[in-house]
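Here are some notes for a colleague opening this structure for the first time.

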Amino acid sequence: YCATLRGCADGAAYTHTAGILIVLDPLSSVKLVSSNAASLRLGVESRIASPMTVVRCAAAEFEPRYMPTGADIAVGLGIFGLGKGEAKTNTINGTNYLDVYFKVFVKPRQQYRIWCVETSAQSFILPDNAGGILVFTGDNVKVPKLKTYPVFLWSAATFFAEVFDVYTEAADVSKNTAVRLAMSSEQLCNRIKYQDASPMGVSDAGTTGQNNAVLVSKDAVLASRSRRVACFFAAENATGIAMFSDQIVVQEANPAVSFKRIDGQAVTKFYRGVLTSVFVDNPAPFTGLLHWTPQATFASMMCKDVRRAPPDAQVLMGSNTSFFRIEAPPGAYQMCYLGKQVESSTMAPFNAVGSFTLIDVITAIVQSPAAPSTRNTVRIRLEVRVPGTVTCLAKNIAGQTRVTDFTSGATFQGRSSLVVPPPKTGVDPEFPNKFDLSIPLVYYQRTAAALRIWCYHSVAERLITPENNDGISIPLQEKEPTVTSVPSFLWTGARFRLTFANTPAINSKLAVMQRPKLPDRWSEEIVMDTDTGAQLLKYISNTGEEVGVNPVYTDWLAGLQLADPCEGSNFSAALPVTALDNTRTASWLTGDAKSPFACFWPSPDAFPHLAGVLAIRAQPPTFLLEVSGQVRPFVYRGVGVNIRMKYYSQSGGRLLVVRKVDFDKFGGACQDMKKTRRLAADEGADPAAEIDGQTDVGGEGAEGATTPWEEAAAAAAALRPARRVQASANTTPCTNTPRLTKSLKVLPAEASFPDAKWGEAALAGLNCTEDYKLYWSPDLVNTSILADKSRGRYILVTSNDTVLLHFFARVRLLTPNGGMPNVSTVIVEKDFTSLGNYSSQRWVLSTQDCTAKMLLDLASPMFEEGAEDLPATQYLQASLALEGFYFAAAAYLPGAATVIEKAKVCPHLQPAAPPPTRIATVNDIDKLGIGRTLDAGVVRVPSMVNGTGTFLHTDALGQYVLC
């Protein structure tokens, strides 16, 4: 010390000894307590206690080039260090324990160098040399190993990581562990934060002192091709250790699924109940498993709820499964895949390999828009997506319906099938096809109560549609079918035709007259009326009861007989109901009082049902010829005659005299019975030959001959490709936007034209039949165009609701009930009243409207009705290109039999004016189709009236027939 008061600034003044100061390191020694694969536990002896500081240590395998500092120890000695650690408690005077966590796995029987520092004395390092304190690990240090479940992985696949051969100190007594695992690249393991790693759980705590603990990740880990190295974190303060020797394998290409049905068709959707094989691209080199989960479940649970074992899970051998069915509810699903089947008993998760749609083979069953369902036939429209045979049942009550019901004798009202053909080449095989199916009903339905429909598809052998007890409800037509005869007054031997009402406008209907078998206790007999002398048909029971109505009919009306009186009708004798828009038999029947039942088939494959019972008398009318007050078997030329009738109609009726030669020419009939419905405009046809709207279209020997129309149709079909080329070459781009719905309105169809007046010519352009031509194309079904080209007036005509909704999607907003129009309707611009005040600004549809052109371009050009009768060289000239004009109106005719014949369309738009009543004359007696009206059962025919002779005066001698 410096003994003077002054001068102590000079170091030489410190000349006296004050005492001995002993300077020691705060840390005295370091010893290795234990070691494991991730850390060394050290015991560091401290000479001091400090409430604010701790002991730190670092380890290295080799001697550094310089003496480490406290800062070096804090960061683990930098690039040459292997690990670092610090005590969890503040420094105490005595042994301080701490763990040095390595950034690589600790090796067994390995020498490591240790340096420590007490953080309150950063300048004092133990030891104070670059060699460090040497410690040696024992033989029991074992490096942990990694295994993934599943072993087959690809980017974004999930897996659980299992780390085994782990030191048992990693698990505490409660089977918890601080170990965590993260996936990274080799270079980034030491930089990942402990908090970002996945927690591990203890699967097996192992045996104390052994390296046999097993840890498993608590959550699924996401695989990535760029992060294939697992980083092992021993504790919160530890550094991630790369598990280089156990890098996971992540496949470069992700697996993907595709489907192939049992018929060999590759598809993108999975069809419920259809045998299908799943193909997997880039599969595992093992036998794997596939199962599926709803998309909604997948969004919250991934693939956790899938079935993990056959037969529910499907075995994938190679790249595809065997054929199997999925019968889960339709919807969106995820296909889940496990690459190795043996892992199904482990925690290995399935992973999604693609989404798919599970869809029914029959996706819609609705009432057919083509024709209503009646009490003898249900007509439905099916939307079917897979080829095969579709069978449908109709029942009148709800209840369980099974697949076996479609092949067994189960009770049902009707059953019918259709074959769905494979798609044509070039057509999307999964495009939904729509088919109309008629289901004939075994028994006529006495009420209009809706029937319930279930359908079965042959390729979905274990499913029905719908899968409920209610079925699809199809309402039946309220009005019952009725039948009348033309003429209405009939007797045995009379010729007549049947006219049906309340039946669909289809051309497949058939009709016949039936004589049902009488019950065993009944017989029939022709008897004479004691009052009038007329012959009567009577039904007599074995008890002597006598009735005039067939007892079969009486029992059926009373419900005592379930079988229809028409059951067993003679199908071979049935006549087609195709005349008068499919309401009248095409040819004639002969009356028989014993066969009064009019039986009706909706189609050839349907069951016959009773439409009505005609009043057919057993007694034909008779007559007497009264000449000059005397009854004669003949009349005299030039002498008048009174024709007195007996057993005639109560309404009187009419008489017609037909020359015997004409009667024979007509085949023993009072008129030409060969007349059939005219099929096309027949120029040169004799108007006088028309009877009841019928015209003869063939003569003798016409059967099997090729008509000019058929030849022209074939030529038209051959020219159709040329027409398409012409259409595509002339197509112009769309420019117009459609009319707003609020600018349109609907009117009755007959409001299109001014009312027709008898004997008055309509103004130019206002006569539908005279001023307009009809154009149509087979490419736009049930649609045509009425065109007055010279005046620029065009009317779109359709009976196709799909076409109507394409052009006017919101037509329901224009109708009073908010539904589709159900009567003949015309859509016009809101200021339209009739074509009489039409101007080009009042159009409803443009051919240049982008939406309209989607359909119009397909059918352009349309060809004039009858163009098929033209020579091929003139066929293309009779065309209408669907571009460059506006439609004045759009007519929707849901009840029209056809819209491609102007003669059938114009009466809807401009009904004909009723003709004035014809004034009868005595000369009508021999005019075909006219005749004379009876007056109190008598027709008086003079020889001459006012100088004009009747047939009695002018015609040749010979035989005549009275009709």
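How many helices and how many strands does the secondary structure of the protein chain come to?

1. Please keep in mind throughout that this is a predicted model. Its protein chain has a secondary structure of 12 helices and 67 strands.

2. On overall dimensions, the C-alpha atoms of the protein chain fill a box of roughly 190 × 75 × 50 Å when taken along the principal axes. The radius of gyration of the protein chain is 50 Å, whereas a compact globule of 963 residues would have one near 30 Å.

3. On burial and surface, 45% of the 963 residues of the protein chain count as buried, a label that here means under 20% relative accessible area. The chain exposes about 48,100 Å², and carbon and sulfur atoms supply 53% of that area.

4. On contacts, if one takes those in the protein chain between residues at least 6 apart in sequence, 67% of them join residues that are at least 24 apart.

5. Turning to the second largest pocket, the space in it comes to about 1,300 Å³, and its lining is made up of 37 residues, with P487, W491, R654, C670 and C963 lying nearest the centre. The elements that give two or more residues to this lining are strand 48 (622-627), strand 51 (654-655) and strand 67 (960-962).

Key
Residues are numbered from 1 along each chain as its sequence is written. This is a predicted model: local features need pLDDT of at least 70, side-chain atom pairs count only at pLDDT 80 or more; totals for chains, interfaces and linings use all residues. Side-chain values use heavy atoms; hydrogens and water are left out. On a 1 Å grid over the protein atoms alone, a cavity is a set of points where a 1.4 Å probe fits but cannot get out, and a pocket is an open set with protein on both sides within 12 Å along at least five of seven lines; lining residues have an atom within 4 Å of a point. Grid points are joined across faces, edges and corners, and a volume is the space filled by probe spheres set on the points. Helices (H or I, at least four residues) and strands (E, at least two) are DSSP runs, numbered from the N terminus. The radius of gyration is taken over C-alpha atoms; the globule rule is 2.2 Å times the number of residues to the power 0.38. Buried means under 20% relative accessible area, exposed over 50%, partly exposed in between (1.4 Å probe, protein chains only). Contact means heavy atoms within 4.5 Å. Accessible areas come from the Shrake-Rupley method with a 1.4 Å probe; for residues, only the protein chains shown count as cover.
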